[in-house]
Amino acid sequence: MTQIKISDLDAATPGEIGNSDSFVVALESADPPETKKVSTTVLIERLGVNAKAPLASPALTGTPTAPTAAPGNNTTQISNCQFVMAALAAMVDSSPATLDTLNELAAALGDDPDFATTISTALGNKQPLDADLTAIAALTTTVWGRALLELANAAALRSAAGLDKEPICIFFSGKPLSGQTIKFMSGRPFTLPQNLTGSSSDAGTVSTGTTAFDIQKKVAGVWTSIGTASFAIGGANCTYTFPDAVAFAAGETGRIVAPASDATLANVVFLLLGTLT
């Protein structure tokens with residue numbers, strides 16, 4: 001194969017082909033060696049210079065390669081794909097798949113560019129750590145108190161606290177007389193539920209016969225029966241018959257009327273349990 005040695009005979013700066021009109025090449029493979037003067041154009045063509053990339057801003061094609069820089073290298077050395085992928089992997093490290101992109105991280109922060117300020121402000125609005133507050137938080141009643149605070153309205157609050165009931169206590173001392181009545185008046189609105197659920201009664205001395213008390217409400221000036229309380233023979237507790245719920249506005253009155261006197265029934269107490277409205 002012919003080996004070519006180049007010497008720039010005309011150019012002021014040796015090696016700059018474009019500044020020379022001609023070159024002398026030594027054909028070392030000739031026997032004996034000989035030299036030949038050729039033009040720049042011919043030499044460039046022979047050397048394939050036009051097929052080479054320029055030193056300044058080369059536009060490389062194909063799949064050019066470069067040495068892989070060491071991790072953390074921050075010099076002007078070329079960074080190839082292997083170096084970039086290794087740097088990205090080191091940055092992501094062992095982050096979960098849902099937090100391994102900048103978009104996912106931004107979403108996790110609520111897309112808040114002032115996230116640090118937002119958190120600092122929120123923390124500044126919190127109650128400082130205090131031994132007394134910590135002790136209160138540890139109380140079992142705190143859970144109940146928090147549950148009350150979460151209730152939607154006053155009615156729900158009263159119900160959860162057991163404050164939504166209106167107890168009405170009526171006591172017949174001794175043996176009730178036939179037709180004897182004991183009245184009650186509502187101080188605030190309430191409703192006696194159907195079947196008087198939750199109500200109770202007790203007789204100090206049980207009946208020797210079936211005895212029924214009449215429960216009435218005054219409607220438009222007229223006493224109207226709304227239910228009964230019946231004691232069976234030997235029974236200390238009555239059975240309420242109360243077909244419908246009955247509402248009482250504040251100031252309305254009701255009463256319980258004793259039946260014909262029983263020979264033994266005495267000291268009867270009724271507890272009618274209404275619900276505040």
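Student: Before we look at that part, what is the mean pLDDT of the protein chain, and what percentage of its residues reach 70 or more?

Tutor: The mean pLDDT of the protein chain is 79, and 72% of the residues reach 70 or more, where pLDDT is the predictor's confidence in each residue on a scale from 0 to 100. This is a predicted model, in which local features need a pLDDT of at least 70, side-chain atom pairs count only at pLDDT 80 or more, and totals for chains, interfaces and linings use all residues. Residues are numbered from 1 along each chain as its sequence is written, and side-chain values use heavy atoms, with hydrogens and water left out.

Over residues 1-23 the pLDDT is below 50, although this stretch has 48 contacts in the model beyond near neighbours in sequence, a contact meaning heavy atoms within 4.5 Å. Where pLDDT is low, the predicted coordinates should not be read in detail.

Turning to the strands, these are DSSP runs of E with at least two residues, numbered from the N terminus, and two of them pair if DSSP finds at least two bridges between them. Strand β13 (residues 266-276) runs antiparallel to strand β4 (residues 165-172), and eight bridges join them, with Cys-169 standing opposite Leu-271 in β13. Strand β7 (residues 200-205) also pairs with β13 in the antiparallel sense, over five bridges, and here Asp-202 has Val-269 as its bridge partner in β13. Strand β6 (residues 190-192) pairs with β13 in the antiparallel sense over two bridges, and Thr-191 has Thr-275 as its bridge partner.

A search of the whole structure finds seven aromatic pairs, counted when ring centres of Phe, Tyr or Trp (its six-membered ring) lie within 6.5 Å, with planes under 30 degrees apart called stacked, over 60 edge-to-face and the rest tilted. The rings of Phe-172 and Phe-213 have centres 5.4 Å apart and planes at 50 degrees, so this pair is tilted; Phe-172 lies in strand β4 and Phe-213 in strand β8 (residues 211-219), 41 residues apart. Phe-172 is buried at 0% relative accessibility and Phe-213 is buried at 1%, where buried means under 20% relative accessible area, exposed over 50% and partly exposed in between (1.4 Å probe, protein chains only). Ring pairs link Phe-172, Phe-213, Phe-231 and Phe-270 into a cluster.

Charged side chains complete this view. Three salt bridges are counted, each being a side-chain nitrogen of Lys or Arg within 4 Å of a carboxyl oxygen of Asp or Glu. In one of them, Glu-166 meets Arg-188 at 3.1 Å, N to O; because Glu-166 lies in strand β4 and Arg-188 in the loop between β5 and β6, the pair ties together parts that are 22 residues apart in sequence. Glu-166 is buried, with a relative accessible area of 13%, whereas Arg-188 is partly exposed at 43%.

Lys-217 takes part in another salt bridge, with Glu-252, at 3.3 Å, N to O. Lys-217 is buried, with a relative accessible area of 10%, while Glu-252 is partly exposed at 27%. Lys-217 also lies over the face of Phe-248, at 4.9 Å from the ring centre, a charge being placed over a ring if NZ of Lys or CZ of Arg is within 6 Å of the ring centre and within 35 degrees of the ring normal. Phe-248 counts as buried at 2% relative accessibility.

How values were computed:
Helices (H or I, at least four residues) and strands (E, at least two) are DSSP runs, numbered from the N terminus.
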